[in-house]
Amino acid sequence: MAFAYAPAPESRAVVDIAPSYGLFIDGEFREAAGGKVFKSISPSSEEVLSEVAHAGGDDVDAAVKAARTAYSSWSALPGAERGKYLFRIARIIQERSRELAVLESLDNGKPIRESRDTDLPLVAAHFFYYAGWADKLSYAGWGPDPRPLGVAGQVIPWNFPLLMLAWKVAPALACGNTVVLKPAETTPLSALFFADICRQAGLPKGVVNILTGDGSTGAELVAHPGIDKVAFTGSTEVGKAIARTVAGTDKKLTLELGGKAANIVFDDAPVDQAVEGIVNGIFFNQGHVCCAGSRLLVQESVADEVLDSLKRRMATLRVGDPLDKNTDIGAINSAEQLARITALADSGEAEGAERWAPACELPSTGFWFAPTLFTGVTQAHRIAREEIFGPVLSVLTFRTPAEAVEKANNTPYGLSAGIWTEKGSRILWMADKLRAGVVWANTFNKFDPTSPFGGFKESGFGREGGRHGLEAYLNV
Amino acid sequence: MADVTASDAALRRFLHGLPGVDAVGLEGRAAMLGTRSIKTTAKAYAIDLAISMIDLTTLEGADTPGKVRALCAKGVHPDPADRTTPRVAAICVYPDMVKTAKEALSGAGSPPVHVASVATAFPAGRASLQVKLADTADAVAAGADEVDMVIDRGAFLSGRYMQVFEEIKAVKQTCGRADGTSAHLKVIFENGELATYDNIRRCSWLAMLAGADFIKTSTGKVAVNATPPNTLLMLEAVRDFRAATGVQVGVKPAGGIRTTKDAIKYLVMVNETLGEEWLSPQWFRFGASSLLNDLLMQRQKLSSGRYSGPDYVTVD
């Protein structure tokens, strides 16, 4: 008899999702001025989770006004006082982490193991970290009294809904800005729960405003003349549109966009751990990660060995119910994203790359894509150039370190890269030459609030996290 | 792979040419597997499997025939109140207790509970080869089904790999019986003394090349014994060894595994690293003493729905 794991579902009862939610403006939930609503579904079951308000131009206006009003007193608070609110928010997030993890897995489709062990601890850590900075801005290297920017308009993606919120909101508030945040259309719920946490923490009204909606809401927000700063995380295409909108105004802009990261495995790599790193690099969060290691560059002399190990490991990945504690790969976030992944994977086959996926049974409802790898991929293939944003790995080979660098850099993106070798000097040599915002050595997809994160080239500009992350929200 | 053991230099080149181990990555993988949630039917399966994999151990200076007989009785009927409880795999004792254990288990029927004997100047291994072989021969002559030897850590750490290799081979030979059969040889590394993961991987290959039937983490007598990462590393080594040679070798973590939760974590590692083929007492063992009672209490909880207590399992 095989050791089959019985279902181990995390209880849904820990989270109470209301049938409908309004917009969070000036400390209150209210319906959209136009009365428009949309539904948020669970991508693993297609079940409707809640109906949320769809913010239009009037709502954006109201939210920006509320943020502007709150700004004068919030920015005048001593840093230590702002820090107290942020510490309080961080503690409440920790206390409510189980509830928020379940909510995130329901709305996003990511496995509970990841929302519980990665997303939520990082969310709290981000608030704790920037809470600590709030009263130390005078010592951050920008003179004795760096000033905030004003009202920040923030638009975040659906892949790490609450974590991306934390990356945006925590430094903005610590520096004395007020915010209007628009969560992604497919994952609005955790931001609305965060609104409730702001109230629980007694945060002054108007400091944080949450507008749910689709791309049009985001476009209204970034175009609004009343904001001083735009921060966006999402696709390069939308990022470019935002840059065009903001051009010619005095709004400050930071963009964190797509990626096509190379995960580079040398012949002296610790093979078992490299395979884990490859898996974590591309299959973490269903590959819905802007810094995913979606291109595996493996040295030709060990390619067969590494691929054999990788396939064996991929066969043990457990795809299914995001709320099952033993699930490794959850649901694709939306039908639209699934269609995009499917189309790009099909192009890989059509262009002559060899497709492989382990035998795995996918649930009949919801949006699913089996972990997949392509061998025989060349730099000319679409799957080597375009961001797939799904659990699809393109495998390329190289012969020398110089060739690895050349291939790794041969992309319009430059967000992250990974190096696997036991040779320390080679890590330093490579890190120096790779044009990527983050270079991981013998690990991948490791995040920490103290470390700045951001891109080169079409992956965007500006840094989030660390001391560098403050700069995006200070007038310096 | 005979050529890699043809000379001291060849053996050293081979062992030092094995892929390195990244400690952070290895520990991360072991920790991730430790988060698997094993419930209901899976838990019942794992508990029974774990019981059947135990080498129920007493290795004390104060061991007496009475103590060993009590342990043997427990190994055959771990839970006197529930005869459906599986037997343990073996009773593990010092060589001078082998005879007592064999006698105590003689009428136990099937499936057999084996007698494992530590040998080769356990636990330090600081004796001449002659003494170690005599120790082994003594245990085999007394009827030991399995021999748990310790390697010469001093020789390994000073880079005398060939000496360690030859010693294991000699002990393996001494495990042979007159009728042509042989006691199963488990080779104990003492991971806590080898200290680095690279050493543990090298030692795994060294022992397997020398003919080990099982590789075993530790004696249970030092500060660091079996840990999930060092056991995971050995599981990867037996997997790779079989891929290279076709020979399947077993793994035995020992020391420090005291709870059902811990034991299940190890079984999850076996399951997801090696698969079903290693999920039997023939290929995986736990060297433990107090673990059994915790498994029994959890087993009672699963069948009755409530926790019993330490007075509802036997103390030996």
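How many residues does the contact take from chain A, and how many from chain B?

Modeller: This is a predicted model, in which local features need pLDDT of at least 70 and side-chain atom pairs count only at pLDDT 80 or more, while totals for chains, interfaces and linings use all residues. Residues are numbered from 1 along each chain as its sequence is written, with chains lettered from A and ligands numbered from 1 in the order in which they are written.

The contact takes 21 residues from chain A and 24 residues from chain B (residues are in contact if their C-beta atoms, placed from the backbone, lie within 7 Å). On the side of chain A that touches chain B, the elements that give two or more residues are α4 (112-133) and α9 (271-283) of chain A, and α9(A) provides the largest share, five residues (helices are DSSP runs of H or I, at least four residues, and strands runs of E, at least two, numbered from the N terminus).

Turning to chain B itself, an open sheet of eight strands has the order β7-β6-β5-β4-β3-β2-β1-β8, with parallel pairing (a pair needs at least two DSSP bridges). At the edges stand β7 (250-252) and β8 (286-288) of chain B, each with a single partner strand, so one side of each lacks a neighbour in the sheet. From one strand to the next, the twist averages 25° (axes are lines fitted to C-alpha atoms, for helices over the stretch in contact, and angles run from 0 to 180 degrees between N-to-C directions).

Within this sheet, strand β3 (residues 114-119) of chain B runs parallel to strand β4 (residues 146-150) of chain B and is joined to it by four bridges, and Ala116(B) stands opposite Glu146(B) in β4(B). Helix α11 (residues 228-245) of chain B lies across β6 (214-216) and β7 of chain B, running at about 170° to β7(B).

Also in chain B, the axes of helix α3 (residues 40-52) and helix α12 (residues 260-273) come within 10 Å and cross at roughly 90°. There Ala46(B), Ile47(B), Leu49(B) and Ala50(B) of α3(B) meet Thr260(B), Ala263(B), Ile264(B) and Leu267(B) of α12(B), and the residues of this contact of α3(B) with α12(B) divide into seven nonpolar, one polar and no charged.

How values were computed. Contact = placed C-beta atoms within 7 Å. Nonpolar A, V, L, I, M, F, W, Y, C, P; charged D, E, K, R; others polar.
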